[in-house]
Amino acid sequence: MATTPDRIPADGDTALIDKLDAAMVALSFVDNAGITRVKAVPKRRLDLASWYGVGVSPCFETFAFDDLMAVGRYLGGPDGDLRLIPDLTMLTELACQPGWAWAPTDKYTQDGTRFAACQRHFAARQAEAAQAAGLGLSMAFETEWSVGRADDTDGFTPAIHGPAYGMVRLGQVAEYAADLVAVLEQQGITVNQFHPEYALAQLELSVEPSEPVTAADEAVLVRHTIRQVSARHGWRALLAPCIEPGGTGSGAHLHLSVHDEQGPLFAHGDGPHGMRRTGEAFLAGILRELPALVAVGAGNPVSFLRLAPSRWAGVWQCWGRETREAALRFITGVRGTEGWAANAEIKCFDATGNPYLIVGSVLAAGLAGVAEQLRLPTEITGDPVTFDAEALMLSGVRRLPTTPSEAADQLAASRVIAAAMGAELHDALLTVRRAEAERYAEASAEELVALTRWRF
């Protein structure tokens, strides 16, 4: 490795390591199929790893969710090696996994340069591009999951019952919820809300917004913590988008707000619902790229079992204030809170999407909208599935991709996301999505659910 890598550990890194009360450190990255992969080192090796990294094969760039590898134009196959460099500013003691700590990693080549297809660095580049344009972003993922009995290793037996959002269901998870929230906050994650959700044995929590890369890091840590705390209570956590064919699934909605040096861009303006024009343009850019964004954030074959109309899954390329059937929902907040509460929610994503790719792609789409000074079309109200053909045509509302192949084609056609990702990352993601689509084109809904139930 070169003696002068372009990542130099900070002076305070050794002090951070010395304070660590853990024997082992998990170093994670998320691949293009949305699977969180990991290498681990003893604490005494962490300082060396922060300089020279831990080796990992670039074959993971084209691994599908089933651990089978495809080969793309640039990546895939048995050759080469990368280095995982931990970001020690995110080093976290794992209260959910005693004796362990965790840090996310960035990927470098063996000569010390950035790996062109590093997903986390892609998100960081887009955040830097927003900053260079004078924009700041706050983002947060909602996390939805269901809990099943741990002794059911072949299928899914709900661990809890009761009505959606019901006190009956909350009563069954009260101790678990208190434990989970306490553990997350010990790990530096501020929980804003917890509640029993709509689907079978489903729960949800939301966290405090962060800058984009941190939001993606925290999504990884929240999901791992949920799995570990569930196991502590004798349950298994299921974060996959579909539990039972025909039922409502679990999403991973992304909330975001944008500001500049003068303040928030979603309030105090003369655009729709008080948006300032730059804020409107940012959302218009996201709206335009939604068909391609599906492949980024919900492109697994099982995702399309969740992406059905009239389930609030966000399957329509449209927007509206508090319109939950629209893929892009605008939230103003209650009167008097618009300045700090107004945000947008992208509803079509789920836990099969790499959170770094999601935040990076959303940023790229929004920045393109700002650069082109796009404007939002007329908002919708109601459920588009009830619109007749003429109303759909006049409204401009379109259904988002309904198959993984269609979503992959939209990603291939997106000049905005292709340019932002770069050739290597864009092709690797396409390679994975197309391989998954082809491999499971004839799979039944039941087979897809069984294949993905415990993968995410």
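**Exercise 1. The second largest pocket**

The second largest pocket of this predicted model has a volume of about 540 Å³. Find which residues lie nearest its centre, and which element gives the largest share of its lining.

*Solution.* 
Step 1. Start at the middle: the pocket is lined by 28 residues, and Thr36, His224, Arg227, Arg455 and Phe456 lie nearest its centre.
Step 2. Two or more lining residues come from each of E1, strand E2 (36–42), E6, H5 and strand E11 (235–238).
Step 3. Pick out the main contributor: H5 gives six residues, the largest share of this lining.
Step 4. Sort the lining by class, and you get 16 nonpolar, six polar and six charged residues.

**Exercise 2. The largest pocket**

Now turn to the largest pocket and work out its volume, the residues closest to its centre and the classes in its lining.

*Solution.* 
Step 1. The volume of the largest pocket is about 1,200 Å³.
Step 2. Its lining counts 43 residues, and the closest to the centre are Glu142, Glu204, His255, Arg329 and Glu345.
Step 3. On the element level, E7, strand E9 (191–196), strand E10 (202–207), strand E12 (254–260), strand E15 (326–331), helix H8 (338–341) and strand E16 (343–346) each give two or more residues to the lining.
Step 4. The classes of this lining are 15 nonpolar, 16 polar and twelve charged residues.

**Exercise 3. Two partners of H9**

Helix H9 (residues 355–371) packs against H3, and H9 also has a crossing with helix H6 (residues 277–298). Is H3 roughly parallel or roughly antiparallel to H9? In which hand does H6 pass H9, left or right?

*Solution.* 
Step 1. The axes of H3 and H9 come within 8 Å and cross at roughly 30°. An angle under 35 degrees counts as roughly parallel, so H3 is roughly parallel to H9.
Step 2. The crossing of H3 past H9 is left-handed.
Step 3. Check the contact residues: H3 brings Gln119, Arg120, Phe122, Ala123, Gln126, Ala127, Ala129 and Ala130, while H9 brings Tyr356, Leu357, Val359, Gly360, Ser361, Leu363, Ala364 and Leu367. Their classes are eleven nonpolar, four polar and one charged.
Step 4. For H6 and H9, the axes come within 6 Å and cross at roughly 140°. That angle makes H6 oblique to H9.
Step 5. H6 passes H9 in a right-handed crossing.
Step 6. Residues in this contact include Phe282, Ile286 and Leu293 of H6 and Ile358, Val362 and Ala365 of H9. In total, 13 nonpolar, six polar and two charged residues take part.

**Exercise 4. H11 against H13**

How are helix H11 (residues 404–413) and helix H13 (residues 423–439) oriented, and which residues meet?

*Solution.* 
Step 1. The two helices pack at an angle of about 165°, and their axes are 9 Å apart.
Step 2. Angles over 145 degrees count as roughly antiparallel, so H11 is roughly antiparallel to H13.
Step 3. The crossing is left-handed.
Step 4. Pro404, Ser405, Ala408, Asp409, Leu411 and Ala412 of H11 meet His426, Leu429, Leu430, Arg433, Arg434 and Ala437 of H13. This contact has seven nonpolar, two polar and three charged residues.

How values were computed:
Residues are numbered from 1 along each chain as its sequence is written. This is a predicted model: local features need pLDDT of at least 70, side-chain atom pairs count only at pLDDT 80 or more; totals for chains, interfaces and linings use all residues. Side-chain values use heavy atoms; hydrogens and water are left out. Axes are lines fitted to C-alpha atoms, for helices over the stretch in contact, and angles run from 0 to 180 degrees between N-to-C directions. Helices (H or I, at least four residues) and strands (E, at least two) are DSSP runs, numbered from the N terminus. Angles under 35 degrees count as roughly parallel, over 145 as roughly antiparallel, 65 to 115 as roughly perpendicular and the rest as oblique. A crossing is left-handed if the near helix is turned anticlockwise from the far one by less than a right angle, and right-handed if clockwise. Contact means heavy atoms within 4.5 Å. Ala, Val, Leu, Ile, Met, Phe, Trp, Tyr, Cys and Pro count as nonpolar, Asp, Glu, Lys and Arg as charged, and the others, Gly among them, as polar. On a 1 Å grid over the protein atoms alone, a cavity is a set of points where a 1.4 Å probe fits but cannot get out, and a pocket is an open set with protein on both sides within 12 Å along at least five of seven lines; lining residues have an atom within 4 Å of a point. Grid points are joined across faces, edges and corners, and a volume is the space filled by probe spheres set on the points.
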